[in-house]
Amino acid sequence: MDMVSKLVASDLEWWFHGPPQCQHMMRLLTGEKPHNDGFRFEPRSVTAIGDCVIAEGWEGKAYWVHVWKLKNGLITQFREYFNTWLVVRDLRPPAWEDERQDSNTLWQSQPRDLYRRSLPGLLLAI
């Protein structure tokens, strides 16, 4: 916890989307619950996009995505999503000199174990 407190800004902006009982990371980082309470954050993928780091995983009961925003080496914003598909898009208009023909989707959830479940979709614009 000492190491984490050095990485998190004192005015951390926290967003949560999901069932209230799934606020595991908030309770873990605030010390409200012990690290060994049974829920384990083991990311299946970690991706960096600009100043954001996106991690996703499947715990066995819940699919989750975390989006950490960094500034000057500190975590300034944390978005936590449970049991939802997440698509991250860049909504800036493409520059005329940009010859990209692909979409502006930067990242999309890949919950391989949940392909038969219906999860609500969310769009995160960065």
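Colleague: Which residues form the largest nonpolar core?

Modeller: This is a predicted model, in which local features need pLDDT of at least 70, side-chain atom pairs count only at pLDDT 80 or more, and totals for chains, interfaces and linings use all residues. Residues are numbered from 1 along each chain as its sequence is written, and side-chain values use heavy atoms, without hydrogens and water. A nonpolar core is a set of buried Ala, Val, Leu, Ile, Met, Phe, Trp, Tyr and Cys residues joined through side-chain atoms within 4.5 Å, where buried means under 20% relative accessible area (1.4 Å probe, protein chains only). The largest such core has 10 residues: I49, C52, I54, Y63, V65, V67, Y81, L86, V88 and W107.

Colleague: Which element gives the largest share of this core?

Modeller: Strands here are DSSP runs of E, at least two residues long, numbered from the N terminus. Those that give two or more residues to the core are β3 (52-58), β4 (63-71) and β6 (85-89). The largest share, three residues, comes from β4.

Colleague: How many disulfides does the structure hold?

Modeller: C22 is buried, with a relative accessible area of 9%, and C52 is buried at 4%. A disulfide is counted where a pair of cysteine sulfur atoms lies within 2.5 Å. By that criterion, the number of disulfides in the structure is zero.

Conventions. Buried < 20%, exposed > 50% of the residue type's maximum accessible area, 1.4 Å probe, protein only. Helix = DSSP H or I, 4+ residues; strand = E, 2+ residues; numbered from the N terminus.
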